[in-house]
Amino acid sequence: MSRPSAPVHDPHTGSATFTLRGEVTNSVTLSVDDLRRDWTEHRTDVVFDCATAGPQHHTFHGPLLREVVGRTRPAFDPARRKERSRFLLAVQGGDGHHTVLSWAEIDADFGDAPVLLATRMDDQELDATGPQLVVPSDRCGARYVGAVTDIWIGTCRAPGTASTE
Ligand SMILES: Nc1nc2c(c(=O)[nH]1)N[C@H]1C(S)=C(S)[C@@H](COP(=O)(O)O)O[C@H]1N2
Ligand SMILES: [Mo]
């Protein structure tokens, strides 16, 4: 867990914001309201297992994570699959819970997982808390990160490269 941070709300709309950064051309800060307005909304009915509370059933609405991240123009050549396959995404919630996905999991040429950044869970709009990562292909709930504040995209060092840090 890293340091918790309370959501910052857009002063005009009151909608919680989060930041996308890393090895990108443009870092961006977006609100839940921006997610609702600027991208095609998808809906997914999921069930995931929680270690402490058992099976959880929810309906989520929101855009595809890969389309939202596309706005940052990640530092890969979009035409080169091997380059894309080296990227990771780290997603953090306001309580410090964070998890990783590989770009390939969500890339249409690889895993093509319909991972969402949800603006709504069941009947609840997520403007007060922040968006939720939705990973329908996961059997358990640990990567359903709620109250997302930060998303990082970038590469890790090649395994054969000695660390100098
Ligand atoms: N920010 C944040 N999101 C989180 C967690 C957490 O500790 N912090 N726990 C995860 C776990 S373990 C589960 S099972 C689900 C629970 O989702 P629900 O309580 O909304 O059904 O949230 C996930 N998202
Ligand atoms: Mo859980």
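Which residues surround ligand 1? In this predicted model, the residues around ligand 1 are Phe-48, Cys-50, Gln-56, His-58, Asp-95, His-97, Gly-141, Ala-142, Tyr-144, Val-145 and Gly-146. Sorted by class, this shell holds 5 nonpolar, 5 polar and 1 charged residues.

| Residue | Part of the residue | Distance to a nitrogen atom of ligand 1 |
|---|---|---|
| Asp-95 | N or O atom in the side chain | 2.6 Å |
| Tyr-144 | backbone N or O atom | 2.7 Å |
| Gly-146 | polar backbone atom | 2.9 Å |

So much for single atoms; what about the surface of the ligand? On its own, ligand 1 exposes 530 Å², and the protein buries 66% of that area. Two elements, β4 and β5, each give two or more residues to the shell around ligand 1.

**The sheet that holds β4 and β5**

Strands of a sheet pair through backbone hydrogen bonds, in either a parallel or an antiparallel way. Here, 4 strands form an open sheet in the order β4-β5-β9-β10, and their pairing is antiparallel. Why do β4 and β10 each have one side without a neighbour in the sheet? β4 (42–50) and β10 (124–125) stand at the edges and each have a single partner strand, so one side of each is left without a neighbour there.

You can follow the pairing in the structure above. β4 and strand β5 (residues 54–62) run antiparallel to each other and are joined over 9 bridges.

**The largest pocket**

Now for the empty space in the model. Rolling a probe the size of a water molecule over the atoms shows where such space is left. The largest pocket contains about 160 Å³ of space. Its lining is made up of Leu-88, Ala-90, Val-91, Gln-92, His-98, Val-100, Asp-150, Ile-151 and Trp-152.

Which element gives the most to this lining? That is β6, with 4 residues. At least two lining residues come from each of β6 (87–93), β7 (98–102) and β12 (148–155). By class, the lining of the largest pocket has 6 nonpolar, 2 polar and 1 charged residues.

Note on methods
Residues are numbered from 1 along each chain as its sequence is written. Chains are lettered from A and ligands numbered from 1 in the order in which they are written. This is a predicted model: local features need pLDDT of at least 70, side-chain atom pairs count only at pLDDT 80 or more; totals for chains, interfaces and linings use all residues. Side-chain values use heavy atoms; hydrogens and water are left out. On a 1 Å grid over the protein atoms alone, a cavity is a set of points where a 1.4 Å probe fits but cannot get out, and a pocket is an open set with protein on both sides within 12 Å along at least five of seven lines; lining residues have an atom within 4 Å of a point. Grid points are joined across faces, edges and corners, and a volume is the space filled by probe spheres set on the points. Ala, Val, Leu, Ile, Met, Phe, Trp, Tyr, Cys and Pro count as nonpolar, Asp, Glu, Lys and Arg as charged, and the others, Gly among them, as polar. Two strands pair if DSSP finds at least two bridges between them. A residue is near a molecule or strand if one of its heavy atoms lies within 4 Å of it. A polar contact is a pair of N or O atoms within 3.5 Å; within protein, one must be able to donate a hydrogen and the other to accept it, and residues adjacent in sequence count only if both atoms are side-chain atoms. Accessible areas come from the Shrake-Rupley method with a 1.4 Å probe; for residues, only the protein chains shown count as cover.
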